[in-house]
Amino acid sequence: MTTIRQRRVGKGTEAAEDQPSEETNVKPDGKIPPGSPGGKLWNILSITVGGIVAISLGLLTSVYVATLHENDLWFSNIKEVEREISFRTECGLYYSYYKQMIQAASIEQGLHGLVYDNKTESVRTINILERMNVYQEVFLSILYRILPIQQYLEPVYFYIYTLFGLQAVYVIALYVTSWLLSGTWLSGLLAACWYITNRVDTTRVEFTIPLRENWALPFFAVQIAAITYLLRTHLQPAQERLTLMAVFIATFLFSLTWQFNQFMMLIQALALFILDCLDMLPTAKVTWLYIIQISGLLLVCVLQFFNSMILGSLLISFNVSVLIARTIQKNLKKGGLLNRLGKLTLHVLLVLCLTLLINKFIKKILNLESDEHIFKFLKAKFGFGATRDFDANLYLCEEAFGLLPLNTFSRLSSTLLFYVYGFVLFLLTVAAVIVAFRNLSGSNQVQLKEKTEEYTVTLRPDAAYSLVHTVLFGCLALSTMRMKYLWTSHMCVFASFGLCSAEVWKLILKCLHLYTSQRTQVIKYSIPIITLLYISFKFWPGIMDELSELREFYDPDTVELMNWIKSNTPSTAVFAGSMQLLAGVKLCTGRTLTNHPHYEDKNLRERTKQIYQIYAKRSPGDVHGILRSFGTDYVILEDSICYERRHSRGCRLRDLLDVANGHIMDGLGENEPDLKPSVYPRFCEEIKKNLPSYTMHFTRVFQNKTFHVYKLAKHK
């Protein structure tokens, strides 16, 4: 937190522990607890009211998103198959394991079916608990089986209500974080209101319910709230131990529920590293946070049967490298400005080299290639050379992995969120630069002279962490749209904290020569209240209209396909097709798949590329041989992919396959000079002509306006 105070005589303490005198033993409402019983009573009353408001807002958010989901699909009225189809792409795959556990004869048999699964990938037996983060589905299914609720609540409702309930946890965690930073629960109220009114950019839970991030982000928000409290000064040892335990539990649950946890926590570790290097956080607490990250991830690794992707994560390599480098360079935080800068440069280089060496060594020992597609994607995305790699281009061509659209900022600005955020970000960045320069130069104070008074700029550790956290996750969101939800939710916290902070307004007013204690208190409460009133009057009618708008799920072609599969194919039949559709096939019909959307496995990626030759220019014999090598009995062709128009030329799936196969793309436009015309027509188009060369391998058994299903001949 940025503050201005009168200069004190004598040598100051280290910046990481520096705190304005009025902040000592601050309670959540920002008041110094007076000795009088009336003061204590007011403090208890404030905390009670703030807590009630937090819980109420959390529950209201849960009801809000649940109502939107019901109104959008008429979920309570549609058939079971339609409900399951509404869990699109990978969401359906994850939910299928919950359904599988519910339908198993016993919990033991359900777990055995997950550990020895031969339905998710044909001709292979895989361990679902090792490959995917589905412990939450396992836990929920067991809970549903043992609780006496089967007669009152369908399994699907138990599942979705749990996810909507986690939204309450999410909002409460954001509320508490803002409260802790600013010292007033009014800040938490503003953060929660901004989260709700910017729902389009802060969450997508109402239409992607089982997505891993919807499980994980509430725990990540709880972890950030716990870290914010941990970084407060003057904590008692018992308080610190309990807070560290809370950080560990939240970190563990976050890691357990999302496969991309390691990348998010790597950014968090970078924030801690930067602040520790600049003496803006207590080193002992930073060390504990590094250890908690490592131990939480290793515990998840054990639960996931020693998943090699976790062991080979950059996070573990980075944290271990930092701890080793710190041991080697013991006098890192001593000396003048140039001396410190030289030491820091060597320290950063040492950490970087150690991280790469340790990570490369681990991957070499484990023969790990599960995450190579991510680094190929990042290399191509940031301009380190073009690539023809099919997997990397599959990500590059998806809008969700592109740059953050500019219209995002116009939506965020309409609620005043982005304007306030930018203002607070600028102010605290300037303060952070001043504090960092002071710390590195060895000076205890940077003086701002105003007539006869002298003041010093300081930045509390919790505010410093929040600043760097929001900057780093902002960079991530700007580069990859899908990750904006990690940034926008914290944006609500950061903006509300700045708007409701007495110290921020104190700094502003003193710079404008307008400071008085009474004026600061008036502005601290009046500006947030005016903002809340503006948001309420502007967006309340829109929210009411949104809640009154009724729609209905409608996808008759997919429903017809799923019903046909269940009625006309053996339960042991193996289906090939697009990853997204096959996830629904597994959920709705229980049939065996050749491939699926959980892409964090090299063998599966290679298999998917081979299966997708059904949309490439290949001979019918080649395609038949490829499909039969994976035990395929039926293949589903989708017109929406074969004749795709959603993407531009070069990003259509058929274009990616043509380039990967060395063939010229369809349509007008340039081609790379080494690409050649294919001697075969496009398989998905030509097969519909029922030519003898195709009918000897494939027999059409089902078709509608969207899908064509072919049965494969079983040649000897």
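## A helix pair and a pocket

In H12, Met264, Ile267, Gln268, Leu270, Ala271, Leu272, Ile274 and Leu275 meet Ala464, Tyr465, Val468, His469, Leu472, Phe473 and Leu476 of H21 (contact means heavy atoms within 4.5 Å). These contact residues divide into 13 nonpolar, two polar and no charged (Ala, Val, Leu, Ile, Met, Phe, Trp, Tyr, Cys and Pro count as nonpolar, Asp, Glu, Lys and Arg as charged, and the others, Gly among them, as polar).

This is a predicted model, in which local features need pLDDT of at least 70 and side-chain atom pairs pLDDT 80 or more, while totals for chains, interfaces and linings use all residues. Residues are numbered from 1 along each chain as its sequence is written, and side-chain values use heavy atoms, without hydrogens and water.

Helix H12 (residues 261-277) packs against helix H21 (residues 461-479) at about 135 degrees, with axes 9 Å apart. That makes H12 oblique to H21 (angles under 35 degrees count as roughly parallel, over 145 as roughly antiparallel, 65 to 115 as roughly perpendicular and the rest as oblique).

Now to the second largest pocket, which holds about 1,000 Å³ of space. Its lining has 35 residues, with Phe263, Leu266, Leu314, Phe375 and Leu378 nearest the centre (lining residues have an atom within 4 Å of a point on a 1 Å grid; a pocket is an open set of points where a 1.4 Å probe fits, with protein on both sides within 12 Å along at least five of seven lines). H16 gives the largest share, nine residues.

| Lining class | Residues |
|---|---|
| Nonpolar | 25 residues |
| Polar | six residues |

Technical notes: Axes fitted to C-alpha atoms, helices over the stretch in contact; angles between N-to-C directions. Helix = DSSP H or I, 4+ residues; strand = E, 2+ residues; numbered from the N terminus. Points joined across faces, edges and corners; volume = space filled by probe spheres on them.
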